[in-house]
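I opened this notebook to record what I looked up in the structure, one topic at a time. The entries follow the order in which I worked.

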Amino acid sequence: MKNKFLELKNISKSFGKVSALERVNFYIKGEPEIVGLIGDNGAGKSTLIKIISGIHTPDCGEIYINGKRMENWSVVKSRASGVETVYQDRALAMQQTLARNIFMGRELTSIFGFVKSKLQFAEADRLMRTIGFTSKVFASDSAVVNLSGGERQGVAIARALYFKANLMILDEPTTALSLTEAQKIFDFIRQARKGGSSCIFITHNIYHAYDVSDRCVVLDRGKIVMETDREHTTVEQLVKDMQKIAQNNGKVREGINNARS
Ligand SMILES: Nc1ncnc2c1ncn2[C@@H]1O[C@H](COP(=O)(O)OP(=O)(O)O)[C@@H](O)[C@H]1O
Ligand SMILES: [Mg+2]
């Protein structure tokens, strides 16, 4: 068996008095897989992926890449390990062209350092078509601001694909999208897996998570409370399990309120 690509062991993170993550263990297999990370608002999902992408430093715990313990984990090290994170909306320069957005910060240059714009346009065009952007309305020289929400996510994903990310992280990519647009994102993700990239897909929509994921991990108030393989569960069961977690959550809140009053 291949080493796990990523392994987090006993990761905790607090912000002042708020404990965002408590002793979390999480991994991504060596073979490409799609992992749905589910949980209510405030569950700690974004904090977890910000630790993976090196933005937040955990208070304690260990991070391994391909079985090797990483010291002083950072944004630079995370990217160098092939982790590409797509934050909702914030990732793109709206007035710039689609091609510029795909190659931003990693321009294709000649040996003299000149940006090969024509090549970037051609490559962007090819890439967008391979991932299913067949619309004639836009081209690789269209400004991103003219694209729909789903298409913008597509551009960010195309970037991760082009640079053959080992792991692509999408933080709530489908939240603001229509169902057809969400389906398109699912197709991109599946294509990326075929191309060898794993994906962490964050959502609070169980149906979206179940639809696209090989495995679902549920976070609740900073703790991983459930993990299921798609093969071994149905979406109905997953919904039931999530309801139980929410009920439990409600009881805890009631308890807190009672204690206060
Ligand atoms: N930078 C921060 N400063 C203070 N508190 C934070 C910060 N980031 C997250 N939190 C808190 O940590 C908890 C988990 O947040 P987050 O990871 O964003 O949850 P999710 O993405 O699941 O909605 C929340 O209570 C949130 O208010
Ligand atoms: Mg979040």
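**Entry 1: the shell around ligand 1.** I asked which element gives the most to the shell around ligand 1. Helix H1 does, with three residues. H1 (45–52) and strand E2 (18–28) each supply at least two residues of this shell. I took helices (H or I, at least four residues) and strands (E, at least two) as DSSP runs, numbered from the N terminus. The residues around the ligand are Phe15, Val18, Ala20, Gly39, Asn41, Gly42, Ala43, Gly44, Lys45, Ser46 and Thr47. A residue counts as near a molecule or strand if its C-beta atom, placed from the backbone, lies within 6 Å of it. Sorted by class, the shell holds four nonpolar, six polar and one charged residues. Here Ala, Val, Leu, Ile, Met, Phe, Trp, Tyr, Cys and Pro are nonpolar, Asp, Glu, Lys and Arg are charged, and the others, Gly among them, are polar.

**Entry 2: what the model is.** I noted that this is a predicted model, in which local features need pLDDT of at least 70 and side-chain atom pairs count only at pLDDT 80 or more, while totals for chains, interfaces and linings use all residues. Residues are numbered from 1 along each chain as its sequence is written, and chains are lettered from A and ligands numbered from 1 in the order in which they are written.

**Entry 3: the whole chain.** I found eight helices and 10 strands in the protein chain. The radius of gyration, taken over C-alpha atoms, is 20 Å, close to the 18 Å from the globule rule (2.2 Å times the number of residues to the power 0.38) for 261 residues, so the chain is as compact as a globular protein of that length. Along the principal axes, its C-alpha atoms fill a box of roughly 65 × 40 × 40 Å. Buried residues make up 38% of the 261 residues. A residue is buried if 20 or more other C-beta atoms, placed from the backbone, lie within 10 Å of its own.

**Entry 4: helix H5.** Is H5 mostly covered or mostly uncovered? It is mostly covered, as 10 of its 14 residues are buried. Among them are Arg152, Val155, Ile157 and Leu161. The buried residues of H5 pack against strand E6 (83–86), helix H3 (98–103), helix H4 (117–130), strand E7 (167–171) and helix H6 (179–194). Just after H5, lysine 164 takes a positive phi of about 45°.

**Entry 5: strand E7.** I then turned to E7, where five of its five residues are buried. Leu167, Ile169 and Asp171 point one way, and Met168 and Leu170 the other way. E7 runs parallel to E6, joined by four bridges, with leucine 170 as the bridge partner of valine 86. Five bridges join E7 to strand E8 (residues 198–203), also in parallel, and serine 198 is the partner of leucine 167. Two strands pair if DSSP finds at least two bridges between them.

**Entry 6: the antiparallel sheet.** I traced an open sheet of four strands in the order E2-E1-E4-E5, with antiparallel pairing. Its edge strands are E2 and E5 (68–69), each pairing on one side only. Strand E1 (residues 6–15) and E2 share seven bridges, and isoleucine 11 has valine 24 as its bridge partner in E2.

Definitions and conventions: Buried ≥ 20, exposed ≤ 12 C-beta atoms within 10 Å, placed from the backbone. Contact = placed C-beta atoms within 7 Å.
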